[in-house]
Each structure stands twice: as C-alpha cells, then as structure tokens.
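Start with the sequence and structure below.

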Amino acid sequence: MKSHVLSQLRSLEAESIHIMREVVAEMQRPCLLFSGGKDSIVMLHLAAKAFAPARIPFPIMHVDTGLNFQTVLDCRDRWVQRTGVQLVVASVQEAIDRGLVQEEPNGSRNRIQTPVLLEAAEKHGFDALFGGGRRDEEKARAKERVFSFRDDFGQWDPKNQRPEIWNLYNGRVHQGESIRVFPLSNWTELDIWSYIEAEDIDLPDLYLATEREVVERGGMLYEVNEFTPLKDGEVATVRSTRYRTVGDANLTACVESGAATLREVVEEVAAVRLTERGATRGDDRVSEAAMEDRKKEGYF
C-alpha cells in the first residue's frame with residue numbers, strides 16, 4: 001500500500017506554505033524581510049512555491065547596513081531577477097547621513113538597523129513582516145509565536161503574545177500595530193540545510209568551504225577584508241573555512257571546515273552541538289540578553 005505520510009522536510013514545507021498563505025489572506029500589506037542569508041532565501045523559495053504559478057504577492061525588504069558581503073548582494077539580486085519580486089531597500093547609511101540614527105563607536109550597525117526597519121515599514125504601510133527566525137537559533141527566538149504581535153511602536157512584549165492552537169493564527173491588528181511572522185519557527189539548522197540540498201537552492205558562496213585569509217579574535221575567526229582589516233600586531237593565516245550564518249562582514253565569523261558541497265555541509269551540521277549564532281555572531285556576545293533587547297526595541 002502506498003504511504004501518504006509526509007517526510008519531515010515536506011511537513012515543514014507544507015506548514016510554512018500554509019502560514020504564508022494565511023498571512024496573505026488575513027493581512028493587508030505583508031512584506032518579506034530578506035537579508036540574503038540562507039533562512040531568508042529558503043523563505044523566498046517557499047513563497048515562490050506557495051503562490052505559483054502567480055508571482056509572489058508581496059515585496060521583499062532588505063535593511064542594507066552598508067557592511068554586506070558583496071557575494072550576498074549579488075545573490076539577492078539574482079533572486080530578485082529570477083522571481084520578479086519587488087525589492088525595497090532600507091539603507092542604514094542613508095539614515096546615518098540624514099541623522100535618523102548615529103553610528104555606534106564599536107562599528108556595529110545591528111542596533112541602529114531597528115529604527116531604519118521601523119521607518120521603512122511605516123512608510124510602506126506594511127502590517128505583516130515575514131522573518132526567517134528559527135526557535136533553535138537563540139533563546140529569545142525560542143519564545144516567539146509564529147504570529148508575533150508588535151505594538152504601534154513596533155515593539156515586542158514576550159508576555160503579551162496570542163495563543164496559537166491547532167495552527168490557528170490571529171492576525172487582527174489595530175491601526176499602527178503589526179505582526180511579525182516566522183514561517184521557519186519549527187525548522188532547525190539541519191532541516192534548512194537538508195532542504196537546501198534537496199531543492200538545490202542558490203546561495204552565496206560564503207556557505208561553502210574554501211581557503212580564506214583569516215584572523216582570530218575572541219576565539220572566533222574573521223576573514224580579512226575591507227570591513228575587518230588587520231589590527232596592529234595581528235597576523236593572518238590561511239585556513240579552510242565557511243560561514244554558518246551571514247550578517248555584517250565586520251561582525252560575522254567563519255568556522256574551520258572542509259565542507260565544500262551541500263552534502264558535506266549537511267553531514268557537518270548534523271554533528272555540531274553549538275548553534276550557528278553562538279558560534280559565529282560577535283554581535284550576540286554583547287550580553288546574555290542581546291537578542292531579546294533588540295527584539296523588544298523592534299528588531300526582527
């Protein structure tokens with residue numbers, strides 16, 4: 001007898017597609033937050049599947065910090081051209097130039113992304129923003145509902161969230177309020193990579209291992225480039241590395257790896273016990289509650 005039980009990946013895919021369709025049915029003007037990293041790319045791939053053969057019925061928004069890896073921007077542009085989706089770019093540098101935000105002394109632009117994101121969402125009237133957060137990434141993200149309610153200041157209160165029973169989602173909002181939606185909530189890093197391999201999804205080449213010139217700082221390996229030049233007394237070495245997550249080039253570390261193919265990445269991820277943010281994101285080492293603090297301010 002033929003089995004009609006869905007595999008783990010196809011069950012996750014079906015759940016995410018259901019969530020996206022619910023958002024389009026319930027909300028007036030949704031938008032997908034797109035960083036060019038693996039999770040946002042999987043979301044965009046799922047959106048294309050969810051509404052095929054029609055075009056994706058919402059725009060994507062990239063909050064451009066000005067500190068992006070060029071290969072990530074190139075991959076973003078390939079996806080825009082391939083899918084025909086509308087791209088909205090919210091520039092942090094432009095916001096700095098006109099005084100909306102001030103650059104922090106440590107060179108991080110993560111915290112000042114939030115006002116730029118909120119301003120762009122208000123300007124375009126977005127009442128639902130898809131984010132690629134997963135519950136396995138970080139403890140603040142583990143608290144998120146699939147439909148995460150935000151008040152009229154774009155802020156998140158983890159104690160004021162709506163129950164989600166039997167995959168029923170409440171998207172009701174008053175004027176000025178919004179919902180952040182996380183279709184990948186129940187996916188793990190291994191699920192993401194297994195799906196990328198199964199679907200042969202186009203990604204920035206940073207995710208595959210190659211020899212890179214790197215410098216060690218605080219127990220992390222940073223590629224030497226225009227955003228992370230060598231400091232006095234530092235010595236670079238050449239190692240085989242890849243990126244597990246992609247953020248700003250000056251804050252995102254790589255890991256030593258020989259995984260140069262998708263299959264090898266899947267096998268490597270299956271064996272690790274440290275989340276990708278814990279292993280590679282210097283911005284999350286500011287404090288134990290760094291991510292939760294940013295989310296309360298309006299970060300996704």
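**Briefing**

Trp193 counts as buried because its relative accessibility is 0%; buried means under 20% relative accessible area, exposed means over 50%, and partly exposed lies in between (1.4 Å probe, protein chains only). This is a predicted model, in which local features need pLDDT of at least 70, side-chain atom pairs count only at pLDDT 80 or more, and totals for chains, interfaces and linings use all residues. Residues are numbered from 1 along each chain as its sequence is written, and side-chain values use heavy atoms, with hydrogens and water left out.

**Aromatic pairs**

- Rings of Phe, Tyr and Trp (its six-membered ring) pair if their centres lie within 6.5 Å; planes under 30 degrees apart are stacked, over 60 edge-to-face, and the rest tilted.
- By this rule there are five aromatic pairs.
- Trp187 and Tyr195 make an edge-to-face pair, at 5.2 Å centre to centre and 85° between the planes.
- Both Trp187 and Tyr195 are buried.
- Trp193 pairs edge-to-face with Tyr207, at 5.5 Å centre to centre and 75° between the planes.
- Trp193 belongs to helix α7 (residues 189–199) and Tyr207 to the loop between α7 and β7 (210–217), so this pair ties together parts that are 14 residues apart in sequence.
- Helices (H or I, at least four residues) and strands (E, at least two) are DSSP runs, numbered from the N terminus.
- Tyr207 counts as buried because its relative accessibility is 2%.
- Phe51, Phe58 and Phe130 are linked into a cluster by ring pairs.

**Charges over rings**

- A charge sits over a ring if NZ of Lys or CZ of Arg is within 6 Å of the ring centre and within 35 degrees of the ring normal.
- Arg242 places its charged end over the ring of Trp193, 5.7 Å from the ring centre.
- Arg82 has its charged end over the ring of Trp79, 4.8 Å from the ring centre.

**A buried histidine**

- His62 is part of strand β2 (residues 60–64).
- His62 has a relative accessible area of 2%, so it is buried.
- The side chains of His62 and Arg76 are joined by a polar contact of 2.8 Å.
- A polar contact is a pair of N or O atoms within 3.5 Å; within protein, one must be able to donate a hydrogen and the other to accept it, and residues adjacent in sequence count only if both atoms are side-chain atoms.

**Backbone points**

- Most residues other than glycine have a negative phi, and most peptide bonds are trans.
- The peptide bond from Ala52 to Pro53 is cis, with omega near 5°.
- Pro53 sits in the loop between α2 (38–51) and β2.
- Asp200 is not a glycine, yet has a positive phi of about 55°.
- Asp200 is in the loop between α7 and β7.
- Asp200 counts as exposed because its relative accessibility is 62%.

- Leu206 lies in the loop between α7 and β7, and is buried, with a relative accessible area of 6%.
- Leu206 and Val72 are 134 residues apart along the chain, and their C-alpha atoms are separated by 8.2 Å.
- Pro57 is in the loop between α2 and β2, and is partly exposed at 43% relative accessibility.
- Pro57 and Arg29 are 9.4 Å apart in space, C-alpha to C-alpha, and 28 residues apart in sequence.
- Leu230 is in the loop between β8 and β9 (237–242), and is partly exposed, with a relative accessible area of 37%.
- Leu230 and Val215 are 7.5 Å apart in space, C-alpha to C-alpha, and 15 residues apart in sequence.
- Gly219 is in the loop between β7 and β8 (220–223), and is exposed, with a relative accessible area of 61%.

**The second largest pocket**

- The second largest pocket has a volume of about 250 Å³.
- Its lining holds 12 residues, with Arg217, Thr228, Lys231, Asn250 and Leu251 nearest its centre.
- On a 1 Å grid over the protein atoms alone, a pocket is an open set of points where a 1.4 Å probe fits, with protein on both sides within 12 Å along at least five of seven lines; lining residues have an atom within 4 Å of a point.
- Grid points are joined across faces, edges and corners, and a volume is the space filled by probe spheres set on the points.
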